[in-house]
Amino acid sequence: MANTIWVLVELEQGQPARSSLEVLGKAAQLGRAEAIVLGSAAATVAPTLGEYGADKVYVHADAIYDQYLTLPAVDTISELLKQHQPRLLMLAYTYELRDLAARLNVRHNMGLITDAADLHFEGETLQVTVPWGGQNVVTVTLPSAGTGIVLTLPKAFAVEHHAGKAAEIETLNITLRAEAQKMKIVDRIELPIEGPSLEDASVIVVFAFLSYLPRSKHLHLMATPFNVFFENYAPKGALPLMENLEEREDYGVSKPEQFTWKQLLDGYACTECGRCNIVCPASNTGKPLFPKEIILGVKEALFVQSREILGENTLWSKIGVAGLPADETAEEKKAHHEPMVGGIISTDALWACTTCQACMEICPVAIEHVPKIVDMRRHLVMEESDFPQEVTSLFNNIERNFNPWEINNDTRAAWASGLGVPLMSENPDAEVLYWVGCMGSFDQRNKQVATAVAKILKAAEVNFAILGPEEWCTGDPARRIGNEYLWQMMAQQNIETLNSYGFNTTVDHSNGHASASAVAGVAMKPRTIITACPHCFNTIKNEYPQLGGTYEVVHHTVFIEWRHGDEAQSQQELLLWRRRWSCLDGGKDWQTCQSSSYKRGPGYGS
Ligand code: SF4
Ligand code: SF4
């Protein structure tokens, strides 16, 4: 049989108090809910209580309950307790009901639990959850014998609605004792509530969170939408151009305020999810680089130096909006005087980056790690001359030999000897320029790739040429290491060479740098540059436009695919093309292959 739970429903200005209705709703969940309603408006209120969960309502409509404090109600409930033995009397934690509960407990020795945040029955035993002593929550049990009293915390339960439910009404026939009418209420003063009430608790929580937000890691909730909106949609492989190299006073970034606002916004937007660390090849191979720490390092540098940057006495510094006020702890003092590059962010971390951009690709909030890393490298290389020793020979070789090694660039076309590959100087009308790159020209394994590409182009009867010694290193390694000066030197020379053959696809460029028109007397003949090297591809296609060199650049694999679509339009032509390639690759000449004794290789159709 269900436990019977009594609830004394308080009246406020003739209406049931919300706190009592919350308790009534919980009582209905626990068992059979029986309400007691006392006071001049009790008869009016009683029929409505079924809709809040009451199965039965005891009613005593008498104005004495309104006029006297607690004792008449204690008498009435005591009388009821003599006739019935409910399992529990539940009361909302209000001033008057606390008083009533204490008196009933003394009178009947019932067992009283206050501050209940939740309660439930486990068998016959009542388990009550009570916040206790600050951080602790305890569970209190009320043994099964007799009626217990539980005072519940405000807002612990919601008001339950039982539409259409009607409660059984029992009107009490009780004569109230004159002795109980001791503490008469002579006046009521309603004090207006100032400030937010508990009803507005959610508003308080939201505003408290908003105040906490700028100083917490949750700041990304505000910064992320802007960071994603302002994401850079330029090709990701293109590093930003450093303009006016000859006239600049600073090179690269050593202090947070030298970053752009967007680069600084990145720090605020970081969710600290760590995805970038997970994909970073440097982190994964034990190098001292964690891309997330680079982003957070920039933010930290900004925060600890915020007062210096914004000024000691500005409003922003005083309220700490830009970050934690500096110099308040010994650690902050130390951090404050640490440089960003080489202090908060170690130079070893900066040099460990391969600029692969896996971190940028994976970042869910469009943070750009690599431009920041390269900006700080630029400072180290161009202002401090502080870079790993191995890099010195690379820079020297690129500068002197126009390739990364101690190899004379005059031998750049040696790999092609015997293949019948013309130089651009010999075939200036070539439709296609094969940009071989330093690796294809000098590295033993990559020379095989260059040779294979050249053979395919010849087999496809493409009118192509290479630059040979006129081709210089694109400057890509120098730029990624931070030597923007050397990159621009290489880039300008290569652009001049390409433009002298009329390769530019546009004449005029918005950034004010030299364009194809700079080469007097050379007609512009937009043609294709193909390359096997991904670094050369990215640099010529995505970065040379920053200096006025805009070209049609395709990877050799894409070009070969095009030729399938454009020229070998019929299946027959495609088969012929494949046969020629197969023939040449087998070391035979085409005439021999065309003889009747030639047998096609497998997979070329019938
Ligand atoms: S670009 Fe640098 S930091 Fe980013 S994943 Fe690659 S190696 Fe790591
Ligand atoms: S992936 Fe982006 S958001 Fe996540 S930690 Fe790295 S930089 Fe921050």
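Two strands are taken to pair if DSSP finds at least two bridges between them, and strands (E, at least two residues) and helices (H or I, at least four) are DSSP runs numbered from the N terminus. The structure is a predicted model, in which local features need pLDDT of at least 70 and side-chain atom pairs count only at pLDDT 80 or more, whereas totals for chains, interfaces and linings use all residues. Residues are numbered from 1 along each chain as its sequence is written, and chains are lettered from A and ligands numbered from 1 in the order in which they are written.

An open sheet of four strands, with parallel pairing, has the order β14-β13-β15-β16. Its edge strands, β14 and β16 (552-555), each pair on one side only. Strand β15 (residues 528-531) is joined to β16 in the parallel sense by four bridges; Ile530 has Val554 of β16 as its bridge partner. Helix α23 (residues 534-543) lies across β13 (432-435), β15 and β16, and runs at about 160° to β16. Here contact denotes C-beta atoms, placed from the backbone, within 7 Å; axes are lines fitted to C-alpha atoms, for helices over the stretch in contact, with angles from 0 to 180 degrees between N-to-C directions.

The shell around ligand 1 comprises 15 residues, of which Cys280, Pro291, Cys353, Cys356 and Cys359 come nearest; a residue is near a molecule if its C-beta atom, placed from the backbone, lies within 6 Å of it. By class, 11 of the shell residues are nonpolar and four are polar, with no charged residues. Ala, Val, Leu, Ile, Met, Phe, Trp, Tyr, Cys and Pro count as nonpolar, Asp, Glu, Lys and Arg as charged, and the others, Gly among them, as polar. Helices α10 (281-284), α16 (358-362) and α17 each supply at least two residues of this shell.

Helix α17 (residues 369-383) has 15 residues and spans 21 Å from its first C-alpha to its last, close to the 21 Å expected at 1.5 Å a residue, the expectation being 1.5 Å times one less than the number of residues. Of its 15 residues, 14 are buried (20 or more other C-beta atoms, placed from the backbone, within 10 Å; exposed, 12 or fewer; partly exposed, in between). Ser385, which follows α17, has a positive phi near 50°.

Most residues other than glycine have a negative phi. Positive values also occur at Asp115, near 60°, and at Glu461, near 55°. Asp115 belongs to strand β7 (residues 112-116) and is partly exposed, with 16 other C-beta atoms within 10 Å. Glu461 lies in the loop between α20 (444-459) and β14 (464-465) and counts as exposed because it has 11 C-beta neighbours inside 10 Å.

How values were computed. Two residues are in contact if their C-beta atoms, placed from the backbone, lie within 7 Å.
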